[in-house]
Amino acid sequence: MFAEFVQNLFGGKCQRSILVQLGMATLILFGLWTAWGFCASQLAVSARFKILPEQILIAEPPEWIPASFVQEVLSDYPDLKETELTLLDSTLPATLAKAFELHPWVEYVESVEMTWPASIVIHIAFRTPVAVVAAPLEHYPDAKGGGFLIDAAGNLLPDAYFQEHSEKLFDYIWIHGITSVPMGSYGEPWNDVLVSEAAALAELLHWSNATLGLKKIVVTPKEEQGIGGDYQLETRRGTKIVWGEFPVAASLAARNLPHSPERSAKIRRQVIDQQEPKVTYLRYLVGCYGSLDRVPDDQKPIDLTKKSTE
């Protein structure tokens, strides 16, 4: 009736114009409603998949890893510094792996797992401290017994945790006789053959030291023509053990050969395996006498240079 009234009032042409305009207005309103629904749903989905720093979890971090570890990594990596993290980003796991492997405590990233509800779990192979290099007095006269934490490869490690818990530094073997200073920053090699050899020796002794009770590795450099050093161990009560050579320097030379990483690692492993009988003999002495300090005086200093390395 309304259309008939309009037709009678304005005529048929006017009726069609009004109906067209009403139809277009209806379509516009429907389109806006649909677009808003789509945008709202997308925003909701985006919010559900958004990742905050506290939702990035590190699987079983060692006690020395700082609480700010994740934030440090995100802040230092340009591609993550001001980027919104979301599970919808398929490149995120690879990007996170690259970022975390730049941190000095990280040896390598094992895996990055994106889980629901929105969180990420990262499995990391962390560098493990094995020794402390006593600060050389000629370079650090005010060190007052301080030292540098290193891992088995001779990489310099951050020490913030150990500055707060300085007593824990004495859980590790200390390396004395090093006169060089670190050439790089945290996470980088010391770049001294003696440190590399002593670090490998410390790694070999590290897992048995609760039994052996060793306190020091004392390094004596070879003559100018030689490479590497001679090593002497000392227990917490002063018993001395003459170790002899620990020629890991040969593995360093292999770095310049074809397939250098594999060959270097293989040579290093062979050297360590050849030295294992010396540790076995020290454990045998502990089994016989209760500790290395109770070995009879006529057997001291304990000489391992003649022990088989086959």
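Here is a quick tour of a sheet, some aromatic rings and one buried asparagine. The model is predicted, so local features need pLDDT of at least 70 and side-chain atom pairs count only at pLDDT 80 or more, while totals for chains, interfaces and linings use all residues. Residues are numbered from 1 along each chain as its sequence is written, and side-chain values use heavy atoms, with hydrogens and water left out.

**The sheet**
- An open sheet with mixed pairing is built from 7 strands, running E7-E6-E8-E9-E10-E11-E12; strands are DSSP runs (E, at least two residues), numbered from the N terminus, and two of them pair if DSSP finds at least two bridges between them.
- E7 (147–150) and E12 (302–303) sit at the edges with a single partner strand each, so one side of each has no neighbour in the sheet.
- E9 (residues 214–221) pairs with E10 (residues 229–235) in the antiparallel sense, over 7 bridges.
- Val219 has Tyr231 in E10 as its bridge partner.

**The rings**
- There are 10 aromatic pairs in the structure (rings of Phe, Tyr and Trp, the last by its six-membered ring, with centres within 6.5 Å; planes under 30 degrees apart are stacked, over 60 edge-to-face, the rest tilted).
- Tyr161 and Phe162 make an edge-to-face pair, because their ring centres are 5.2 Å apart and their planes stand at 85°.
- Tyr161 and Phe162 are both buried (under 20% relative accessible area, with a 1.4 Å probe and protein chains only).
- Ring pairs also tie Trp64, Trp105, Tyr161, Phe162 and Tyr172 into a cluster.

**Asn209**
- Helix H8 (residues 209–212) contains Asn209; helices are DSSP runs of H or I, at least four residues.
- Asn209 is buried, at 6% relative accessible area.
- Leaving out residues up to four places away in sequence, Asn209 touches Ile173, Leu214 and Arg236 (heavy atoms within 4.5 Å).

Notes
Buried means under 20% relative accessible area, exposed over 50%, partly exposed in between (1.4 Å probe, protein chains only).
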